[in-house]
Amino acid sequence: MASLAFSATNTNILPPCAAVSYRPVLFRGGSIFGNSIFSKKCNFRGLIVTNVAKELPPTILLPEKEISSDRKLAAWTSIRQERWEGELVVEGEIPLWLKGTYLRNGPGMWNIGDYNFRHLFDGYATLVGLHFENGRLKMAHRQIESDAYKAAKKNNKLCYREFSEAPKTDNFLSYIGDLANLFSGASLTDNANTGVVKLADGRVVCLTETIKGSIEIDPDTLDTLGKFEYSDTLGGLIHSAHPIVTNTEFLTLLPDLVNPGYMVVRMEPGTNERKVIGRVNCRGRPAPGWVHSFPVTEHYVIVPEMPLRYCAQNLLKAEPTPLYKFEWHPNSKGFVHVMCKASGKIVASVEVPLFVTFHFINAYEERDEDGRVTAVIADCCEHHADTTILDKLRLQNLRSFSGQDVLPNARVGRFTIPFDGSPYGKLEAALDPNEHGRGMDMCSINPNYLGNKYRYAYACGAQRPCNFPNALTKVDFEEKAAKNWFDEGSVPSEPFFVPRPGAIEEDDGVVISMISDKNGEGYALLLDGSTFQEIARAKFPYGLPYGLHGCWVPKN
């Protein structure tokens, strides 16, 4: 259950004693997260509270019917305005060592004019920043200025193909032109609404599954800087929405829709050039499996081949099918391939039970007593090979929860890929799914354990009945148990783990999540990474839409 150590905050985000100035506030270096001139300080529940307000640029206010259609839960309603920034009142205590900015990306605007989008993944990207320093917290959000968003705002209609949406054509010739633009990639969206990563050289890039939807942003101001252009000649239209980013490299997968397979590519820090490590040919047909994410170990790249495969026919349709751009091919089977990072050679390729996953958690190498690799273990959030999770994410379903338990079951799926030449691998639950309410997605780990054996993972679980993951869970793989945090009626976003500098224990750090609560409001939440108890929260000026994935930008 949620910690109730702190009572609910007042509906006004500022305590009564705070004086608010509406004159522009000066920020050092143009950063919204820099030092600012504050209006007044006062003591609030034993804490020093500092508030700031500033004049904002013109905002896009949504039609009133969109705002008021679901006041009880802001998670599935469009963002109320294009941008906001200010300091939040903190209840509890933020660790003084926590210095930096948590950036979270996600679809935050689901309507253009009078037209409402259908699917969670369609919304125009909203970037939220939480800046922690000296026990204080500032928040800001911005719309990412993609071409798709700017064109929709200018023309008051959909202009690019989103996940389940296609622009309406006026006649047959327009339809033919749209198909031509689809094959060239011109009509595909650049709406970078999925993830955000910090590259080793300090650049921050927002991503989605279209390659053109790679957009660089300023982590201090949240402003859009422009397209992240790749300087190589590899081409392609799509890539994994979740690359592997470390201090030494950037790894991603490029699905080949013509000759079914995947190119595994690497990009060195400070460059925009992708270089091919190797290629994996699909063992199933008729197309490569959807590869939203993938894991790595110290020496290997793991390439999943899911029987939920890309479908060109569905892509051409103006109206979405239940599986959208994909098609379920159970007869094509499921496979997992292991590629050596150094040589690009396939060292294992095994058939596994049918599976459906969006997000891999981590992977590591198992060794014998002589230090030889005997197998690779790869963990993911697996949906029991049930494809209905895609259609359950339609906004109509999310907004119309009636109390029935309709969220499809999920588990921590553990793949075992043997290195003994066996043609088969294993897929089994890493722990009893009831430990986390048979819900499991939106995962993070201590980044220092990426590609290595690990004990803990943090994810969104479920408190049944529900229609969407509504709890936070800490999974302990050693004890095969989970600790859960739950605030009735609320929807938490991805729990993101930030390790304490110098920590020895794997779970020594904090977990950050953004919560949409049952009153149409929201707050930032901090949990202790070890005890999984609440240590601080800070109320937002209004409830924010549900977000997807984030990254941590430490303060130098």
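Figure 1. The structure, a predicted model, holds 23 aromatic pairs (rings of Phe, Tyr and Trp, the last by its six-membered ring, with centres within 6.5 Å; planes under 30 degrees apart are stacked, over 60 edge-to-face, and the rest tilted). Tyr300 and Phe419 form an edge-to-face pair, with 5.3 Å centre to centre and 80 degrees between the planes. Because Tyr300 belongs to strand E18 (residues 300-305) and Phe419 to the loop between strand E25 (411-418) and strand E26 (426-429), the pair ties together parts that are 119 residues apart in sequence. Helices (H or I, at least four residues) and strands (E, at least two) are DSSP runs, numbered from the N terminus. Tyr300 counts as buried at 13% relative accessibility, whereas Phe419, at 22%, is partly exposed (buried is under 20% relative accessible area, exposed over 50%, partly exposed in between; 1.4 Å probe, protein chains only). One aromatic cluster is formed by Phe121, Phe163, Trp290, Tyr310, Tyr324, Phe326 and Phe358.

**Figure 2. Charged side chains over tyrosine rings.** The charged end of Lys474 sits over the ring of Tyr456, 4.3 Å from the ring centre. Arg537 lies over the face of Tyr523, at 4.2 Å from the ring centre. The criterion requires NZ of Lys or CZ of Arg within 6 Å of the ring centre and within 35 degrees of the ring normal.

Figure 3. Beyond neighbours within four places in sequence, Gln143 is in contact with residues including Ile79, Glu82, Met109, Tyr124 and Thr224 (contact means heavy atoms within 4.5 Å).

**Figure 4. Ile512 in strand E33.** Ile512 is found in strand E33 (residues 509-516) and is buried, with a relative accessible area of 0%. Apart from neighbours within four places in sequence, its contacts include Tyr102, Leu130, Phe132, Phe496, Leu525 and Trp552. The C-alpha atoms of Ile512 and Ala536, 24 residues apart along the chain, are separated by 9.8 Å.

**Figure 5. Asn470 in the loop between strands E28 and E29****.** The loop that holds Asn470 runs between strand E28 (456-461) and strand E29 (471-476). Asn470 counts as buried at 11% relative accessibility. Its side chain reaches the backbone nitrogen of Gln463 at 2.7 Å. Leaving aside neighbours within four places in sequence, Asn470 is in contact with Gly461, Ala462, Gln463, Pro465, Phe486, Ser490 and Pro492.

**Figure 6. The chain as a whole and its confidence.** The chain has six helices and 36 strands, and 59% of its 556 residues count as buried. The average pLDDT (the predictor's confidence in each residue, from 0 to 100) is 87, and 84% of the residues score at least 70. Over residues 1-29 the pLDDT is below 50; over residues 35-71 the pLDDT is also below 50. Where pLDDT is low, the predicted coordinates should not be read in detail.

Residues are numbered from 1 along each chain as its sequence is written, and side-chain values use heavy atoms, without hydrogens or water. In this predicted model, local features need pLDDT of at least 70 and side-chain atom pairs count only at pLDDT 80 or more, while totals for chains, interfaces and linings use all residues.

Note on methods
Polar contact = N/O pair within 3.5 Å; in protein donor to acceptor, adjacent residues only side chain to side chain.
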